[in-house]
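Here is a short tour to read alongside the model. Please keep the sequence and the 3D view open as you go.

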Amino acid sequence: MKQQMTVERENEFSYEIVWEDSFEGLKDAFGPLDPIGKKACIVTDTQVGPLYLEKVRSQLADLFDTVTEFVFEAGEASKTLDTVKNLYTHLIRHHFERKDMLIALGGGVIGDLTGFSAATYLRGVDFVQIPTTLLAQVDSSIGGKTGVDFDQFKNMVGAFHQPRLVYMCMDTLRTLPDEQFSSGMGEVLKSGLIRNPEYYKWVLANHKKIQARDTEALIKMIRESCQIKKTVVEHDPTEQGERAVLNLGHTIGHAVEKLMNFQLLHGQCVALGTVAAAYISWKRGLISEEDFILIQQGNSLYQLPVTVKGLSAEDIIKATKSDKKMEQGKIKFILLEHMGSAIIDRSVTDSEMTDAVRCILQTGDQV
Ligand SMILES: NC(=O)c1ccc[n+]([C@@H]2O[C@H](COP(=O)([O-])OP(=O)(O)OC[C@H]3O[C@@H](n4cnc5c(N)ncnc54)[C@H](O)[C@@H]3O)[C@@H](O)[C@H]2O)c1
Ligand SMILES: [Zn+2]
């Protein structure tokens, strides 16, 4: 059932995304990376490790000279420079050199931290992504954004570093908790909204199959989300312009994420932020009221929030100002020009944002 897609930019990077239903294709997939004579360090967390580390290690043990493991506590709280430091120490102790590589086995936290460590250890070593959450498969494992949180600032320290391979084992999604699956759907819905209206409608229409984690439906869905991200990233790998559309829902989403002290998952916050961005788009006459309602319904179908309790509009607006997506004091806000097309807008006012935030702060269920 192997499927594959190449992400590339001439003279800069080229890597395969591979879909398989087990880890058995790993040996073949690693072949082009010349593993002979090299060391590999599998980086994973305390939740994913017991489930998949041995399966991956046994596939790679024959290929590499040495395979080591670095396991850290699962969760966003570990995405820090302290964990990076411990990983550097592990690599130095095991004499990792420039030719050796890191392998990220886990969700977005593992991918971001491993990628950042690979970008900086010895000024850059190769790394491979083996994403095991839906969010990591549709979003964070491709595109080369890596980084860690710093104090209360999310993703404040980072680097662009493209992986050499992305290997998605679809079976891993079977053990993913429902809430995590739902969080990944936040990014899936976002990708449809920014680039492909038919896909967005397909995701809504097929929610039963998708939520039953039907492999065929999942591959179709994940492939299209990756296709959308691939196209955007190939055009603009370091976010000089167009790539920013991937941040739909993220300005307000990140603010909520921070203020809720990470009690809500990333994709849940993105889904909320998307409702707020859609609200501004509707009020500006870019999308219709029906479209706006459809976006709220899309969230509800996938158990994603349309409102949040316990925060104030003022605090959310304030928190958006410390977001990285600022340019000369102005927020680069992503709006929907119409369903399936996002645009970067620097003219969103505080008052428009306040109205949008009030809409997601309402307690009554609007759908
Ligand atoms: N680099 C990017 O472009 C990008 C894009 C989006 C999000 N992100 C980052 O990704 C992170 C969120 O990623 P995430 O949602 O994958 O979180 P995560 O990595 O914390 O994984 C969520 C939880 O699921 C567990 N888990 C992972 N795979 C599992 C499986 N198959 N079965 C059972 N449990 C499993 C993990 O151990 C963890 O407890 C955030 O830090 C966010 O900033 C980065
Ligand atoms: Zn995101």
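How many of the 367 residues of the protein count as buried? The figure is 47%, where buried requires 20 or more other C-beta atoms within 10 Å of a residue's own, exposed means 12 or fewer, and partly exposed lies in between, with C-beta atoms placed from the backbone.

## Before we start

This is a predicted model, in which local features need pLDDT of at least 70 and side-chain atom pairs count only at pLDDT 80 or more, while totals for chains, interfaces and linings use all residues. Residues are numbered from 1 along each chain as its sequence is written, and chains are lettered from A and ligands numbered from 1 in the order in which they are written.

## Overall build

The protein has 14 helices and 13 strands, taken as DSSP runs (H or I of at least four residues for helices, E of at least two for strands) and numbered from the N terminus. With a radius of gyration of 20 Å, close to the 21 Å that the globule rule gives for 367 residues, the protein is as compact as a globular protein of that length; the radius is taken over C-alpha atoms, and the rule is 2.2 Å times the number of residues to the power 0.38. Along its principal axes, the C-alpha trace spans about 60 × 40 × 40 Å.

## The nonpolar core

Let's look inside. The largest nonpolar core holds 108 residues, and Val 43, Ile 103, Leu 105 and Ala 276 have the most contacts inside it. Such a core is a set of buried Ala, Val, Leu, Ile, Met, Phe, Trp, Tyr and Cys residues joined through C-beta atoms within 7 Å. Helix α11 (residues 266–283) gives the most to this core, with eleven residues.

Leaving aside neighbours within four places in sequence, Val 43 is in contact (C-beta atoms, placed from the backbone, within 7 Å) with residues including Phe 70, Leu 87, Ile 103 and Leu 105.

## Around ligand 1

Of the 29 residues around ligand 1, Gln 47, Gly 107, Gly 108, Thr 133 and Ser 140 come nearest; a residue is near if its C-beta atom, placed from the backbone, lies within 6 Å. Helices α2 (48–60), α4 (108–120), α5 (134–140) and α6 (178–195) each supply at least two residues of this shell. Domain 1 (3–175) and domain 2 (178–361) each give the shell at least three residues, with bounds that come from an automatic or database domain assignment.

## A look at Thr 354

Thr 354 is found in helix α14 (residues 350–361). This residue is partly exposed, with 14 other C-beta atoms within 10 Å.

Conventions
Two residues are in contact if their C-beta atoms, placed from the backbone, lie within 7 Å.
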